[in-house]
Amino acid sequence: MSEPLWLTDLGTRVATDAHIIVTGAANERHLVPHASGGEIVRPSVDAIGYKFDELGYDYVLEWTFTSGLRMWQQRQAPPNGPAWTEPDGHWGQHDSLVNGIRFVHRYQGTEAKPGRAALIVSGAEHLADQPNQGAAREVFAGALTLARTDPLLRTSDGRYLHSIVVWLLEEPAAAPLWLTQGARVRTISVPRPDAALRSRIAARLLPQFPGPQPADAKAAAGRLADLCEGMSCSEMLDVASY
């Protein structure tokens, strides 16, 4: 079972880019491999959390428009277990985005154990409405300067990591220009599911429909996948709930 290609691409960019914009991901869900050997359905931010866990990041934070900062808590979290925890104190405030960016780009670990941190900014298009936009822009510029001088961390399996900020956007046109047109900012687009992925999702959906199961489940999944062409993963996963 393979992970989504956009997630693989994200994993390769952590060695070269300090800021990555992921478009079409803010409200999407995905089928991602799990340590248990199966696949689980997770929103974009969780899929990225598992990926950064796998890559060896020491800290993974998320900033949301509604609740501020939270931290990825469990390495190899169980399929239905809590993956995030709310940090104590002022980290729950809206203006903590600036603190999150500073944390990521100033976290160095120790000489004996160098470390890297990642920040995921969910709903980054809302930054245009935030009172701290000017401060965030200033820190954004400073973070890029720090990233240029921050040496790559080589992990035990030979991979290289930057401390990084990932910006999740649903509508890129609504994001502030200082973000989308910044230097050293990479953009990755989450595509609509192809036929193979739609078939995998359809196979998961069939047992959720009422009535007897089809005699040829594979053929039925193929027909359902064809009917769902053009849908997002989230839209497909919601089909059985209607």
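Visitor: How much space lies in the largest pocket?
Guide: In this predicted model, about 340 Å³ of space lies in the largest pocket.

Visitor: What makes a residue part of the lining of the largest pocket?
Guide: A lining residue has an atom within 4 Å of a point of the pocket, and 17 residues line the largest pocket, with Glu 3, Pro 4, Leu 5, Asp 194 and Leu 197 lying nearest its centre. Two or more residues of this lining come from each of helix 1 (5-13), strand 2 (29-33) and helix 6 (195-205), and helix 6 gives the most, three residues.

Visitor: How do you know which class the lining residues of the largest pocket belong to?
Guide: Leu and Pro count as nonpolar, whereas Asp and Glu count as charged; by such classes the lining has 10 nonpolar, two polar and five charged residues. For the second largest pocket, where about 230 Å³ of space lies, the lining divides into six nonpolar, seven polar and five charged residues.

Visitor: Why are the 28 residues of the largest nonpolar core called a core?
Guide: A nonpolar core is a set of buried nonpolar residues joined through side-chain atoms within 4.5 Å, and therefore its 28 residues, among them Trp 6, Leu 10, Ile 48 and Phe 52, are called a core. Helix 2 supplies the largest share of this core, six residues.

Visitor: Which residues does Ile 48 touch, leaving aside those up to four places away in sequence?
Guide: With contact taken as heavy atoms within 4.5 Å, Ile 48 touches Trp 6, Leu 7, Leu 10, Ile 120, Val 166 and Leu 168.

Definitions and conventions
Residues are numbered from 1 along each chain as its sequence is written. This is a predicted model: local features need pLDDT of at least 70, side-chain atom pairs count only at pLDDT 80 or more; totals for chains, interfaces and linings use all residues. Side-chain values use heavy atoms; hydrogens and water are left out. On a 1 Å grid over the protein atoms alone, a cavity is a set of points where a 1.4 Å probe fits but cannot get out, and a pocket is an open set with protein on both sides within 12 Å along at least five of seven lines; lining residues have an atom within 4 Å of a point. Grid points are joined across faces, edges and corners, and a volume is the space filled by probe spheres set on the points. Helices (H or I, at least four residues) and strands (E, at least two) are DSSP runs, numbered from the N terminus. Buried means under 20% relative accessible area, exposed over 50%, partly exposed in between (1.4 Å probe, protein chains only).
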